[in-house]
Amino acid sequence: MRAKISYAVTAAVLVVYFVLAGSRGVMLIRSGTLLTVTFGVAVLILPVIGVWFLWKNTQFVRRANALAAELDAEGGLPVDELRRTPSGRVDRDSADEVFARRKAEAEAAPEDWRSWFRLAVAYHDARDTPRARKAMQRAIALHDGRPVQPA
């Protein structure tokens with residue numbers, strides 16, 4: 001729940017920023033000189049890119065959460081079996097052991113979105129965010145029946 005609140009607050013702050021930046025871009029364009037119109041268009045491009053990025057990220061998070069809910073209903077969510085350091089951080093060797101099992105599971109069933117979801121969690125636990133995101137995107141595509149690129 002805390003992550004959802006943080007995401008919502010961050011998204012709201014970004015939307016406010018996009019509106020403020022966009023209004024400045026419009027003001028520059030209304031000035032009418034070549035220089036201000038050029039800068040105004042450049043200023044408007046950033047909020048457009050930001051809104052697109054925020055939208056795509058929000059879609060990704062919603063789809064991943066839907067998969068987590070479906071997997072939870074099936075009783076297939078990965079169990080947290082990781083050892084932790086005294087400070088509470090995940091032990092790297094423990095994460096690597098779980099990752100090796102999850103990777104083998106995904107390789108054994110490459111068309112099963114559940115195995116790719118669990119692999120994404122293992123990548124996340126191993127602090128490999130880019131690969132975690134790619135594995136989750138693959139899980140989402142497999143779940144939705146869309147074609148996926150070979151790994």
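Q: Let's start with Arg 118: buried or exposed?
A: Arg 118 is buried, since its relative accessible area is 14% and the cut-off for buried is under 20%. Keep in mind that this is a predicted model.

Q: Thanks. Which helix is Arg 118 found in?
A: Arg 118 belongs to helix H4.

Q: And what is Arg 118 in contact with, leaving aside its neighbours within four places in sequence?
A: With those neighbours set aside, the contacts of Arg 118 are Leu 71, Gly 76, Pro 78, Arg 102, Glu 105 and Asp 112.

Q: Changing topic to pockets: how much space lies in the largest pocket?
A: The largest pocket holds about 690 Å³ of space. It is lined by 19 residues, and those closest to its centre are Phe 60, Val 61, Ala 64, Asn 65 and His 124.

Q: Which elements give two or more residues to that lining?
A: Four helices do: H1 (2–31), H2 (34–74), H4 (113–125) and H5 (129–144). H2 provides the largest share, six residues.

Q: How do the residues of that lining divide into nonpolar, polar and charged?
A: In the largest pocket, 13 lining residues are nonpolar, four are polar and two are charged.

Q: What about the second largest pocket, how much space lies there?
A: About 450 Å³. The second largest pocket has 18 lining residues, and Phe 60, Arg 133, Lys 134, Gln 137 and Arg 138 are the closest to its centre.

Q: Which element gives the most to the lining of that one?
A: H5 does, with eight residues. At least two residues come from each of H2, H4 and H5.

Q: And how do those lining residues divide?
A: For the second largest pocket, eight are nonpolar, three polar and seven charged.

Q: You mentioned Arg 133. What ring face does Arg 133 lie over?
A: Arg 133 sits over the face of Phe 60, at 4.0 Å from the ring centre.

Q: And Arg 138, which ring does that one lie over?
A: Trp 116: Arg 138 is over its face, at 4.5 Å from the ring centre.

Q: While we're on rings, how many aromatic pairs does the structure hold?
A: Two aromatic pairs. In one of them, Phe 99 and Tyr 123 have ring centres 4.8 Å apart and planes at 55 degrees, so that pair is tilted.

Q: Why tilted?
A: Because the planes are at 55 degrees, whereas stacked needs under 30 degrees and edge-to-face over 60.

Q: Where in the chain are Phe 99 and Tyr 123?
A: Phe 99 is in helix H3 (residues 92–108) and Tyr 123 is in helix H4, 24 residues apart, so the pair links distant parts of the chain. Both residues are buried.

Q: Now glycines. Where does Gly 25 lie?
A: Gly 25 is part of helix H1. Gly 25 has a relative accessible area of 0%, so it is buried.

Q: What does Gly 25 touch, not counting residues up to four places away in sequence?
A: Gly 25 touches Gly 40, Val 43 and Leu 44. Its C-alpha is separated by 51 Å from that of Pro 86, which is 61 residues apart from Gly 25 along the chain.

Q: Last one, Val 79: where is its place?
A: Val 79 is in the loop between H2 and H3. With 63% relative accessibility, Val 79 counts as exposed. From Val 79 to Gly 32 the C-alpha to C-alpha separation is 61 Å, and the two are 47 residues apart in sequence.

How values were computed
Residues numbered from 1 in each chain as written. Predicted model: local features only at pLDDT ≥ 70, side-chain atom pairs only at ≥ 80, totals over all residues. Heavy atoms only, no water. 1 Å grid on protein atoms, 1.4 Å probe; cavity = no way out; pocket = protein on both sides within 12 Å on 5 of 7 lines; lining within 4 Å. Points joined across faces, edges and corners; volume = space filled by probe spheres on them. Nonpolar A, V, L, I, M, F, W, Y, C, P; charged D, E, K, R; others polar. Phe/Tyr/Trp six-rings, centres within 6.5 Å; stacked < 30°, edge-to-face > 60°. Buried < 20%, exposed > 50% of the residue type's maximum accessible area, 1.4 Å probe, protein only. Lys NZ or Arg CZ within 6 Å of the ring centre and 35° of its normal. Contact = heavy atoms within 4.5 Å.
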